[in-house]
Amino acid sequence: MRLKGKAHKFGDDINTDYIISGKYKFKTLDMSELARHVMEDLDPDFYKKIRPGDFIVAGRNFGCGSSREQAPLAIKHAGISAVIAGSFARIFYRNAINTGLPVIECDTSAIEPGDELEVDLEAGVLGNHTRNTEIRITPLPPVMLKILNDGGLVAHFRKYGGFHLD
Amino acid sequence: MGQTIIEKILSRKSGRKVQAGDIVVAKVDFVMGQDGTSPLAINAFREMGGRALFNPSRVALVIDHSAPSPTESVSNLHKLMRDFARETGCRLYDVGDGVCHQLMLESGVVGPGFLVIGADSHTCTYGALNAFATGVGSTDLAAAMISGQMWFKVPPTLKFVCHGELPPGVYSKDLILHLIGRVTADGATYMAVEFTGEAIRALSMEGRFTIANMAVEMGAKAGLMEADEKTMGWLARYTRREFAPAAPDPDAVYERVVEIDAAALEPQVARPHRVDNVVPLSEVGGLPVDEAVLGTCTNGRLEDLATAAAILRGRRVAPSVRFIVAPASRRVYLEALRDGTLETLVQAGAAVVTPGCGPCVGTHNGVPADGERVISTANRNFKGRMGNRNAEIYLASPASVAAAAVTGEITDPREFLK
């Protein structure tokens, strides 16, 4: 899987309330409506700045807080192709893979807002075209790569009728 | 090689001896979802081709996050859950029954050695009962509803040894806030946590639930405790089931051990907008508050309400403060009615709302205004958490919240215990 887009940079410990506020997520299952409010409490205009394929780039512990799957879904439906962070909170990490949103763990300290990035998930490399640098990414555990390659956990279950992770 | 609590439980549930780092597919004993996560899970269940639950008596849906419904769109999602429960035969806890985690604890479906998943991050609360209980998202929930299984990477364990006993006026909430401040919001990411030591053993089960509840605020997958006579005594009030506790081996291997002296603690608060932004309460004493919230899955149990009532007895809530009380469940509500606790709180000026999560998650029942400051017994103080990004939330113990409700400013509760 190869992904290409521009970096939108956020800090450490971005929690799921910031990704999609509780006041919206309880109201609807319409993800394109929720997507309009993604990261709203941190940047009210964020949704308007996204071009399809862009990346959210963050520091440590991205997605901490609640178990709401609306968080990766709202990001995905806003047009973001992947989240790149120093580390992820575990429930968000699972939810992202289950819903087919690639999550990429690597050192993000040298990525600046607006940098043009290209990710090769199989090769495990993130290229920063703006700065002419390459960053190694932490490979996904094989189990997660399998679920992601199946298109998420729903598709995995449709294919196998249950967990088939060996 | 010896095993930690979580290695033991996952070994039993997967049928082979496992250690940290192994990937397992394990059998789950119980599965729970709430109204913020179940509707998506029901969609995923259908998309996966699910027709029946693996065992309807081991699945519960709880309507607690926006209950009673504040809008028609929420009402429609609640109806989706009720229809699904009727169709599949799973348990349904409806408006007024209480917060999902309190209901799981009270209904006897969770006990020592069990593996429980819940589509709510504070599912880790049941770790105080020596169960491996963890939060998952809606798609994982749907997969477990169909298969009765879940996959896990066996986590390494961080052990907290809490020496000494908490001094009067200092509570389990102060202890867990202090521990989170010490290791930070991602100090236990991808790890299980074990809480042990004299200070933990001395706590009531209610106090222990508060601690396990907040394990996720340091990133932990589970917050576990050993089962002792208090655990078994507490369980006997709710179920006649037999349980097989999982105790850690003396030679279990830990990723890290953190020791603290609980006897030296003073009341703590988490300042805005991070749960790990913890300082002694004395550092922020005197800050005016506009709203005080007592309740939630962290601190809405009878002991919490009684602690607050002891401070409010014969006193009045300050005119500048709205004091909102949400008992954690119908059972807690009834017990607090019968023993006079609620009468004390209401007489002092409390507004009692339906048992549920509303004030904590910003859905209704106490959204603060711009520029306002809230002190709450909840577990999260993120910007906008209570529904307004221009408000501030301080997290504290029930005693500290009650003290602030009386004085109208952040106040050391020990001043009321002299």
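In this model, helices H5(A) and H6(A) pack against each other at an angle of about 50 degrees, and their axes sit 8 Å apart. Everything here comes from a predicted model, so read each value as a computed one.

## Two helix pairs

Let's stay with that pair in chain A for a moment. An angle of about 50 degrees is what H5(A) and H6(A) show, and they are therefore oblique to each other. The crossing of H5(A) past H6(A) is right-handed. Which residues meet there? On the H5(A) side you'll find Ala71(A), Pro72(A) and Ile75(A), and across from them in H6(A) are Phe92(A), Asn95(A) and Ala96(A). Sorted by class, the residues of this contact come out as five nonpolar and one polar, with no charged ones.

Chain B has a helix pair to look at too. Here H2(B) packs with H3(B), which spans residues 72-88, at an angle of about 50 degrees, and the axes are 9 Å apart. That angle makes H2(B) oblique to H3(B). As for handedness, H2(B) goes past H3(B) in a left-handed crossing. H2(B) brings Ser38(B), Pro39(B), Ile42(B), Phe45(B) and Arg46(B) to the contact, while H3(B) brings Leu77(B), Leu80(B), Met81(B), Phe84(B) and Glu87(B). By class, the contact of H2(B) with H3(B) holds seven nonpolar residues, one polar and two charged.

Here are the two pairs side by side.

| Helix pair | Angle | Axis distance |
|---|---|---|
| H5(A) and H6(A) | about 50 degrees | 8 Å |
| H2(B) and H3(B) | about 50 degrees | 9 Å |

The largest pocket has a volume of about 320 Å³. It is lined by 16 residues, and the closest to its centre are Tyr93(A), Pro141(A), Met144(A), Lys153(B) and Tyr190(B). Which element gives the most to this lining? That's H6(A), with three residues. Helix H6 (90-98) of chain A and strand S7 (149-153) of chain B each supply at least two residues of the lining. In terms of class, the lining of the largest pocket has nine nonpolar, two polar and five charged residues.

Next comes the second largest pocket, with about 250 Å³ of space. Its lining is made of 16 residues, and nearest the centre lie Leu73(A), Thr99(A), Val154(A), Glu47(B) and Thr139(B). Two or more lining residues come from each of helix H5 (70-77) and helix H8 (153-160) of chain A, and from helix H2 (38-47) of chain B. Where does the largest share come from? H2(B) provides it, with four residues.

How many cavities of 30 Å³ or more does the structure hold? There are five. The largest cavity has a volume of about 180 Å³. Of its 21 lining residues, those closest to the centre are His65(B), Asp120(B), His122(B), Val361(B) and Arg385(B). Two helices of chain B, H10 (296-299) and H14 (358-361), each supply at least two residues of that lining. By class, the lining of the largest cavity counts six nonpolar, ten polar and five charged residues.

## A few backbone details

Now for some spots along the chain itself. The peptide bond from Ala67(B) to Pro68(B) is cis, and its omega is near -5 degrees. You'll find Pro68(B) in the loop between strand S3 (59-62) and H3 of chain B. That's the H3(B) that packs with H2(B).

Another cis peptide bond runs from Pro272(B) to His273(B), with omega near -10 degrees. Where is His273(B)? Look in the loop between strand S12 (268-270) and strand S13 (278-280) of chain B.

Over in chain A, Met39(A) has a positive phi of about 60 degrees, although it is not a glycine. The loop holding Met39(A) is the one between helix H3 (31-35) and helix H4 (46-49) of chain A.

Terms used:
Residues numbered from 1 in each chain as written. Chains lettered and ligands numbered in written order. Predicted model: local features only at pLDDT ≥ 70, side-chain atom pairs only at ≥ 80, totals over all residues. Heavy atoms only, no water. 1 Å grid on protein atoms, 1.4 Å probe; cavity = no way out; pocket = protein on both sides within 12 Å on 5 of 7 lines; lining within 4 Å. Points joined across faces, edges and corners; volume = space filled by probe spheres on them. Nonpolar A, V, L, I, M, F, W, Y, C, P; charged D, E, K, R; others polar. Axes fitted to C-alpha atoms, helices over the stretch in contact; angles between N-to-C directions. Parallel < 35°, antiparallel > 145°, perpendicular 65-115°, else oblique. Left-handed = near helix turned anticlockwise from the far one by under 90°. Contact = heavy atoms within 4.5 Å.
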